Amino acid sequence: MRYVVAFDISDDRVRRKVVDILESIGLRVQRSLFEVEFKNKNELLATKKRIQALIHKGRDSVRFYYQDVGAIKNFHYLGFGEWAFKRDLILFF
């Protein structure tokens, strides 16, 4: 289950905790963007629950974008950095 997780969190302490959670299961590809491959739905739900308990619901935003096979095939990559979903990586020159 592949997801892109994006966040906008104003409090430094809360943001650090969310980053720690996401770094333990995914790859940080930009300051507030992670590529994560969850093992199953339970891991996804548990991660959402942990993050929801930390954020301020009226101020912060965390978004989980599911990446199905079609989305991965239509992925375009420019610049530097790693890509979490490497095993399906196709390079275009």
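**From the strands to the interior**

A: β2 and β3 form a hairpin, with two residues between them. The model is a predicted one. Strand β2 covers residues 26-30 and runs antiparallel to β3, joined to it by four bridges. Within this pairing, Arg-28 stands opposite Phe-34 of β3. β3 also pairs with β1, again in the antiparallel sense, over five bridges. Here Val-4 is the residue opposite Glu-35 of β3.

Now the helices. Take α1 first. The twelve residues of α1 should span 16 Å at 1.5 Å a residue, and its end C-alpha atoms are 16 Å apart, which agrees. Which residues of α1 are buried? They are Val-14, Val-18, Val-19, Ile-21 and Leu-22. Seen down the axis of α1, these buried residues fall within an arc of 160°, so they line one face of the helix. Asp-12 and Arg-13 are exposed on the other side of α1. The buried residues of α1 pack against β1, β2, β3 and α2. At the start of α1, Asp-11 places a side-chain oxygen within 2.9 Å of the backbone nitrogen of Arg-13.

Next, α2. Its 14 residues should span 20 Å at 1.5 Å a residue; the end C-alpha atoms of α2 are 20 Å apart, in agreement. Buried residues in α2 are Glu-43, Leu-44, Thr-47 and Ile-51. Down the axis of α2, the buried residues fall within an arc of 100°, so they too line one face of their helix. Asn-40 caps the N-terminal end of α2, with a side-chain oxygen 3.1 Å from the backbone nitrogen of Asn-42.

Why does Thr-47 count as buried? Its relative accessibility is 6%, and the cut-off for buried is under 20%. The side chain of Thr-47 also reaches the backbone oxygen of Glu-43, at 2.8 Å. Not counting residues up to four places away in sequence, Thr-47 touches Ile-21, Ile-25 and Phe-38. Of these, Ile-21 is among the buried residues of α1.

Last, the nonpolar core. The largest such core has 17 residues, and those with the most contacts inside it are Val-5, Ile-51, Val-62 and Phe-64. Where do its residues come from? At least two are supplied by each of β1 (2-8), α1 (12-23), β3 (33-37), α2 (41-54) and β4 (61-66). α1 gives the largest share, five residues.

Val-62 shows how these parts meet. Leaving aside neighbours within four places in sequence, Val-62 is in contact with Val-5, Ala-6, Phe-7, Ile-9, Ile-51 and Ile-55. Val-5 and Ile-51 are themselves among the core residues with the most contacts. Ile-51 is one of the buried residues of α2.

How values were computed:
Residues are numbered from 1 along each chain as its sequence is written. This is a predicted model: local features need pLDDT of at least 70, side-chain atom pairs count only at pLDDT 80 or more; totals for chains, interfaces and linings use all residues. Side-chain values use heavy atoms; hydrogens and water are left out. A nonpolar core is a set of buried Ala, Val, Leu, Ile, Met, Phe, Trp, Tyr and Cys residues joined through side-chain atoms within 4.5 Å. Buried means under 20% relative accessible area, exposed over 50%, partly exposed in between (1.4 Å probe, protein chains only). Contact means heavy atoms within 4.5 Å. A polar contact is a pair of N or O atoms within 3.5 Å; within protein, one must be able to donate a hydrogen and the other to accept it, and residues adjacent in sequence count only if both atoms are side-chain atoms. The expected span of a helix is 1.5 Å times one less than its number of residues. The arc is that of the directions from the helix axis to the C-beta atoms. Two strands pair if DSSP finds at least two bridges between them.
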